[in-house]
Amino acid sequence: MTSVRADQLTEAITEGAEALFAAQRADGVFDYGGSSLTSTLGTVGAVCALHFADPGGAADLIEAGVGWLKRTQAADGGWAMVPGEASEAGPTAVASAVLHLTGPEGNAAEVDAGQRWMRDSGGLEAIPHAEVVAWCRQFYGFAGWLAPADMRRFPLELALLPGLSRKLFDLRVPMVYALGLAQTRHKPLTRLQKALSRKAEPNALAAIRQVYEHEGSTGAWCEDAWVTGLVCAGLARAGLGDDMVTAAVGWFRRMMAPDGSWASGPLDLTWSMYATAGLLEAGYAGDPRLTSVKELFLRLQQDRPFTAFGCPPGFWGWSGTRGWPATLETGEIVSALCHLPGDDQAGAIRRGVTWLTLQQDTRGSWGLCVRNTKVANSGPCPHMTAQAVDGLLDSGVPADDRRVRRALSWFAKAQLPDGSFESVWYRMHTAGTSAVLQTFAKAGQADALPARRAREWLERTQLGDGSWGTGAGDPGTVEETGWAVSALLVAGAGPEVVRPGVEWLLARREPGGGWPAASVNEYVRHVCRYPNPALAHGLALKALARYRKVAGR
């Protein structure tokens, strides 16, 4: 086996760090927006909403969005979340439906090709996510392919029980309520359902407005065109919330890209936290360029509760000054602040730890943002739980603290039979398994049975070229290799164990110091994926820096 040269490693770390800093804006954000966020779902959501909300006044926007969808249809007839990736059922279903909705004759060829792809791929029934099937069936109903009576009903009466509703729908509450409101006008209901819906309508509308106003009444929900599209379309079809619908139409006009597409939302804090984690591991804590990142983190911590999701203040989201709450970002940013110099962040760390403590599930785990939810794509999630515990440990919470012990006990129950762990936001099992193994090691439990089984799974699933992929035979990626290398080193593996992975990462460097990003990020679990360059760069840099420390190079 060849040896990794010290000068080669140093060059890769230095150039990788500078590549990250090259993406930094003056406000501290490591900005990897642009085409990486261009989204089929975002464009479908915008076009659909505009069709129902303002078909005449927004005709130019609808035409531009339709044109973009037609241009980005793959040769096989399908669409992907991000153009150029392999076709996916969810985007293909809704894209073909919205093209039929807006122009059944002019878009007939593209619609036929999309529906042919769907049939060849097993149809909606082949989508491994019941929630996505429900959204797709809504769009099929909009297109006239399903009768209103056959569309899944969104039970608006649950707005009368906000606690239960949050647990059942999590961050989908605004979308579910908006579409449920529309169904009260367009779907046949029983007398009891009508009565309950009338009683629940004020609660549902209030929850949608609470999220809207929390974000500053910008016209958007979650700064995401897909989410905003679902909410706007629902309100427009229900004839409710006219001020919000009008503002949403204005937001769509402001946010359309020159090519006629819309994005699935900025990830300012997500990009920045992963970039910062890599730079901190590489020894850049004292670099003055990280001062603006620290200020960014302090500025964007939420000081108001997110009432619609039952979340207290003290959290961070993935974007914006009033973004939606997220355990993963809150845990990661708490950890970053703990490793940045100075003491002016002490209050923010304390508030973040309090938020994590309050949001821990009764079973010991964490989900995306709502306690005790069991919603697909939200929680409970081993990866989110690991990051929450890492934040607690980095802040000084002892490993024998009850919060940590409960989480470690839950991991043992959540571990899959082969020793791996799930991750809601990232594909398959390498990410979750690596995150949990690292957490056990940080808690001084690297020899615990769940940790040993996780380590064995990672060692067993390393590919012949030294990299890691999904663990199911797929080619390796920078992200998954970075996760695995870092976790194994933290868990006590010697440099020789991960050296092939390090060599693989070094060989994948791009001109200028970065690394190629793969679609390992799950927009919807098992259904829609997208690449995140900040994640790839940050994880590769962290893995190489950690290897340099352990190998003494």
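This is a predicted model: local features need pLDDT of at least 70, side-chain atom pairs count only at pLDDT 80 or more; totals for chains, interfaces and linings use all residues.
**Phe297.** I started with the contacts of Phe297, taking contact as heavy atoms within 4.5 Å. Leaving aside neighbours within four places in sequence, I found Phe297 touching Leu269, Ser272, Met273, Thr276, Trp316, Ile333, Ala336 and Leu337. I number residues from 1 along each chain as its sequence is written, and side-chain values use heavy atoms, with hydrogens and water left out.

"Buried" is under 20% relative accessible area, "exposed" over 50% and "partly exposed" in between, with a 1.4 Å probe and protein chains only. The core has 192 residues, and Phe297 is one of those that touch the most other members, along with Trp221, Phe252, Phe309 and Trp324. H22 gives the most to this core, with 10 residues.

**Rings.** I then went through the aromatic pairs (Phe, Tyr or Trp rings, the six-membered one for Trp, with centres within 6.5 Å; planes under 30 degrees apart are stacked, over 60 edge-to-face, the rest tilted). The structure holds 19 of them. Phe139 and Phe142 make an edge-to-face pair, 5.4 Å centre to centre with 65° between the planes. Both sit in helix H6 (residues 130-142), 3 residues apart, about one turn of the helix; helices here are DSSP runs (H or I, at least four residues), and strands (E) need at least two, numbered from the N terminus. Trp226 lies in helix H10 (residues 225-238) and Phe139 in H6, so the pair ties together parts 87 residues apart in sequence. Trp226 is buried, as is Phe139. I also noted a cluster linked by ring pairs: Phe306, Phe309, Phe315, Trp324 and Trp355.

**Pro398.** Last, I checked a loop residue. Pro398 is in the loop between H16 and helix H17 (402-414). Leaving aside neighbours within four places in sequence, I found Pro398 in contact with Leu393 and Val404. I also looked up Gln115, 283 residues from Pro398 along the chain; their C-alpha atoms are separated by 55 Å.

Terms used. A nonpolar core is a set of buried Ala, Val, Leu, Ile, Met, Phe, Trp, Tyr and Cys residues joined through side-chain atoms within 4.5 Å.
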